[in-house]
Amino acid sequence: MADTPLRRGIGWYRGPVLVVALLTSLLFYLPFLVVVATSWTGTSFIIFPPQDFSLEWYSTVLGDVEWTDAFRVSLWVSAAGTVVAVVLGTLGALALARLRSRAARRWVRTLFIVPMAVPPVAYAVGLYSVNLRFAALQENLTLLILGEALLAMPYVFVMVSTGLGQADPALRPAASTLGAAWPLIVWRIDLPMIAGHMVAGAIFAFAVIFDEVVLSVFLAPIGVKTLPLQMLDASQEALSPELTAASTLVSMLAVLMLGAFSLISNRRAARARRLARKAATA
C-alpha cells in the first residue's frame with residue numbers, strides 16, 4: 001500500500017481513528033436523517049419509521065401564517081445582522097493588518113474574538129437590561145439585529161484576517177510609494193484580495209444568526225417571532241411532524257447555501273490555477 005501522509009502521521013492508530021471518525025459522523029447524521037424521515041409521515045404524530053408517506057406537513061408549514069411570518073423575520077434579521085457583521089469584521093481585520101505592534105495586534109485580535117466565548121444567555125441578559133431602559137428599542141428589531149451582528153462578527157473577522165494574512169505584504173507599501181492614498185489602497189488592493197473571504201464570513205455569519213434563538217427569547221418584540229423561536233415554542237406545545245418539516249426545510253436551506261459557496265469557491269480556485277499556468281508558460 002502506498003505510503004500516504006495519513007499513514008505516516010498516525011501509523012497503526014489509523015484504523016481506530018477512522019472507526020471513531022465514522023462513528024462520530026454517524027452520531028451526527030443519523031438524528032438528522034431521523035428528523036427528515038419523520039417529516040414525511042402521514043400521521044399527526046412523530047413516529048419512526050414513518051408510516052403513510054406524505055408531504056402534507058410541508059404544505060402545512062408553508063401555508064401557515066405563523067411559520068411564514070417567522071421565516072420572513074428571520075431572513076430580515078439574518079440579512080441585516082450579516083451586513084453589520086461583515087462591515088465591522090472587515091474593518092477590524094483591515095485595522096489589525098495595519099498595526100505594527102505585536103502586543104497591540106494580540107489585544108485587538110482577542111477583543112474581536114471574545115464574543116465567541118461569551119455565554120449567549122449572559123450576553124442576552126445584558127442586552128435585555130439595555131432594552132428595558134429604552135422604550136423605543138422594545139418596539140422594533142434594532143437591538144436584536146445589533147446583538148446578533150456582534151455574535152457573528154468574530155467569524156467574519158477570522159475569515160477576513162486569514163485572507164489578509166495570505167496576501168503579499170509588499171503590495172500595500174508599493175502602492176503607497178506610488179502615491180496611492182489609503183482609501184484607494186483599500187478599494188483597489190485589499191478588498192479584491194479578501195472578497196472571497198468576506199463572502200465566506202458572510203455565509204457563516206448568516207448561518208449563525210439564522211439559527212440563534214437565545215437573543216430572540218429576550219429581545220424580540222411582543223408578537224414577533226424568529227423561526228428558531230417559533231420552533232422552540234412549537235416544541236414546547238407538542239412534538240408534531242410540523243416541527244420536523246420546518247427543521248428539514250431550514251437544514252436544506254443551509255445545505256444549499258454551503259453548496260453554492262463551495263461551488264463558487266471551487267470555480268474561483270480553478271480559474272486562479274488556470275491563470276497561474278498561463279502566466280508560467282507565457
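User: Which side chain meets that of Asp69 in a salt bridge?

Analyst: In this predicted model, local features need pLDDT of at least 70, side-chain atom pairs count only at pLDDT 80 or more, and totals for chains, interfaces and linings use all residues. Residues are numbered from 1 along each chain as its sequence is written, and side-chain values use heavy atoms, with hydrogens and water left out. A salt bridge is a side-chain nitrogen of Lys or Arg within 4 Å of a carboxyl oxygen of Asp or Glu. At 2.3 Å, N to O, the partner of Asp69 is Arg72.

User: Why are Asp69 and Arg72 separated by about one helical turn?

Analyst: An α-helix has 3.6 residues a turn, so residues three or four places apart point the same way. Helices are DSSP runs (H or I, at least four residues), numbered from the N terminus. Asp69 and Arg72 are separated by about one turn because in helix α4 (residues 65-97) they are 3 residues apart.

User: Is Arg72 buried or exposed?

Analyst: Buried means under 20% relative accessible area, exposed over 50%, and partly exposed in between (1.4 Å probe, protein chains only). Asp69, at 31%, is partly exposed. With 52% relative accessibility, Arg72 counts as exposed.

User: At which residue in α7 does a kink lie?

Analyst: Helix α7 covers residues 142-166. The bend at a residue is the angle between axes fitted to the seven residues ending there and the seven starting there. Shortly before the proline Pro154, a kink of about 35° lies at Ala152.

Note on methods:
Helix = DSSP H or I, 4+ residues; strand = E, 2+ residues; numbered from the N terminus. Expected span 1.5 Å × (residues − 1).
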